[in-house]
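Reader: I would like to learn how to read the packing in a structure like this one. Please show it to me and start with the contacts.

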Amino acid sequence: METDSKNLETVSKAGSGAMSSVAATIRLDDRSPKEVMRAVGKLLAPGLPAKSYYDKIRAALRKRLPDDFDVSERRVRAIHDGDARRVDWIEMKALLEIEALEEAIRARKELAATAIRLAALVEAEGPLLAGDELRALGQLSGAMDRAGIEAGQ
């Protein structure tokens with residue numbers, strides 16, 4: 001993608017008009033669509049070969065793109081391999097949103113796992129913390145389920 005950020009900002013403002021909160025926080029970097037596509041694939045299907053995550057990327061793109069925008073597995077493969085002649089801004093925006101959401105989900109899971117491990121260590125060590133601090137730590141570790149999603153959402 002060989003445009004500057006001002007042009008992309010103009011395109012995004014001229015587009016649908018209603019951007020999601022994730023899209024508003026996305027910043028373009030110097031990565032090509034091919035690099036972003038590969039990063040998304042590794043987040044959606046870690047440790048699997050490229051052929052295995054084409055369908056997952058396609059499904060994620062279909063959720064983010066308008067209904068009239070058809071995304072085939074061949075299109076996903078072309079972007080992934082760097083063979084696509086052009087990549088529309090709406091496709092790139094969707095890929096960046098998917099990447100941001102998947103990274104946030106992964107970070108949330110890691111935070112929940114760390115809080116649970118920390119609570120178990122504190123519990124095993126004994127009364128090193130005051131009662132209020134121990135309750136706060138228990139609330140933090142118990143406030144998230146296995147998926148890393150806060151309870152009550």
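Author: A contact means heavy atoms within 4.5 Å. In this chain, residues 24 or more positions apart account for 62% of the contacts with a separation of 6 or more. The model is predicted, so local features need pLDDT of at least 70 and side-chain atom pairs count only at pLDDT 80 or more, while totals for chains, interfaces and linings use all residues. Residues are numbered from 1 along each chain as its sequence is written, and side-chain values use heavy atoms, with hydrogens and water left out.

Reader: How many helices and strands are in the chain?

Author: Helices (H or I, at least four residues) and strands (E, at least two) are DSSP runs, numbered from the N terminus. The chain has seven helices and zero strands, giving the pattern α-α-α-α-α-α-α along the sequence.

Reader: What percentage of the residues in the chain is buried?

Author: Buried means under 20% relative accessible area, exposed over 50%, and partly exposed in between, with a 1.4 Å probe and protein chains only. Of the 153 residues in the chain, 27% are buried.

Reader: Which residues have the most contacts inside the largest nonpolar core?

Author: A nonpolar core is a set of buried Ala, Val, Leu, Ile, Met, Phe, Trp, Tyr and Cys residues joined through side-chain atoms within 4.5 Å. The largest one here has 21 residues, and Val-40, Ile-57, Leu-61, Val-76 and Leu-95 have the most contacts inside it. Two or more residues each come from helix 3 (33–44), helix 4 (50–64), helix 5 (73–81) and helix 6 (89–125). Helix 6 gives the largest share, six residues.

Reader: What does Ile-57 touch?

Author: Not counting residues up to four places away in sequence, Ile-57 touches Met-37, Val-40, Gly-41, Leu-44, Val-76 and Leu-95. Leu-44, one of these, lies in helix 3. Leaving aside neighbours within four places in sequence, Leu-44 is in contact with Lys-56, Ile-57, Ala-60, Ile-98 and Glu-102. Leu-44 and Ile-98 are 54 residues apart in sequence, with a C-alpha to C-alpha distance of 9.1 Å.

Reader: At what angle do helix 3 and helix 4 cross?

Author: Axes are lines fitted to C-alpha atoms, for helices over the stretch in contact, and angles run from 0 to 180 degrees between N-to-C directions. Angles under 35 degrees count as roughly parallel, over 145 as roughly antiparallel, 65 to 115 as roughly perpendicular and the rest as oblique. The axes of helix 3 and helix 4 come within 9 Å and cross at roughly 100°, so helix 3 is roughly perpendicular to helix 4. Among the residues in this contact are Val-40 and Leu-44 of helix 3 and Ile-57 and Ala-60 of helix 4.

Reader: How do helix 3 and helix 5 pack?

Author: Their axes are 7 Å apart, at an angle of about 115°, which makes helix 3 roughly perpendicular to helix 5. The contact is made by Pro-33, Lys-34, Met-37 and Arg-38 of helix 3 and Val-76, Ile-79, His-80 and Asp-81 of helix 5.

Reader: How many aromatic pairs does a search of the whole structure find?

Author: A pair of aromatic rings is described by the distance of the centres and the angle of the planes. Rings of Phe, Tyr and Trp (its six-membered ring) pair if their centres lie within 6.5 Å; planes under 30 degrees apart count as stacked, over 60 as edge-to-face and the rest as tilted. The search finds one pair. The ring centres of Tyr-53 and Tyr-54 are 6.3 Å apart and the planes are at 85°, so this pair is edge-to-face. Both Tyr-53 and Tyr-54 are buried.
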